[in-house]
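Hi,

Here is the structure I promised to pass on.

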Amino acid sequence: MATTWSDLVNHVRFRYEIFQQTDRTLRFHLPTEGDRTQRVAVHHVESEGTDWIVIESAVARADEVDLRRMLELAE
């Protein structure tokens, strides 16, 4: 059974505090170790008739990583 956007919204709302929501985007803080949180954005997008979920979250400070190497690892 496929999960719907509404199912995802309800799951996130139940577990985390959403600080911004539109009909196609959720933004919330994801607790991590200690007192630190990670900002996460989840987007519902359509492409060529197919629904997709895009998750965005920072992984590092740009001035502290080798950006070329990160792109190589991501491919």
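Below is what I found, starting with the whole chain and then going to single residues.

First, the ground rules. This is a predicted model, so I describe local features only where pLDDT is at least 70 and side-chain atom pairs only at 80 or more, while totals for chains, interfaces and linings use all residues. Residues are numbered from 1 along each chain as its sequence is written, and side-chain values use heavy atoms, with hydrogens and water left out.

On confidence: pLDDT is the predictor's own confidence in each residue, from 0 to 100. The protein chain averages 91, and 99% of the residues score at least 70. Among the elements, β1 has the highest mean pLDDT (95) and α2 the lowest (90).

Now the layout. The chain has two helices and four strands, in the order α-β-β-β-β-α from the N terminus. Helices (H or I, at least four residues) and strands (E, at least two) are DSSP runs, numbered from the N terminus. The C-alpha trace spans about 40 × 35 × 25 Å along its principal axes. The radius of gyration is 15 Å, whereas a compact globule of 75 residues would have one near 11 Å; this is taken over C-alpha atoms, and the globule rule is 2.2 Å times the number of residues to the power 0.38.

Of the 75 residues, 16% count as buried. Buried means under 20% relative accessible area, exposed over 50%, and partly exposed in between (1.4 Å probe, protein chains only). As for contacts (heavy atoms within 4.5 Å), residues 24 or more positions apart account for 7% of those with a separation of 6 or more.

Leaving aside neighbours within four places in sequence, V40 touches L26, R27, F28, L30, I55, E56 and S57. The C-alpha atoms of V40 and H29 are 6.1 Å apart, though the two residues are eleven places apart along the chain.

How many aromatic pairs does a search of the whole structure find? It finds one: Y16 and F28 are stacked, 5.3 Å centre to centre with 15° between the planes. Y16 is in the loop between α1 (5-15) and β1 (18-21), F28 is in strand β2 (residues 25-31), and the two are twelve residues apart. Rings of Phe, Tyr and Trp (its six-membered ring) pair if their centres lie within 6.5 Å; planes under 30 degrees apart count as stacked, over 60 as edge-to-face and the rest as tilted. F28 is buried at 5% relative accessible area, while Y16 is partly exposed at 25%.

Last, helix α2 (residues 67-74): of its eight residues, zero are buried, so the helix lies largely in the open. D66 caps its N-terminal end, with a side-chain oxygen 3.2 Å from the backbone nitrogen of R68.

Cheers

Terms used
A polar contact is a pair of N or O atoms within 3.5 Å; within protein, one must be able to donate a hydrogen and the other to accept it, and residues adjacent in sequence count only if both atoms are side-chain atoms.
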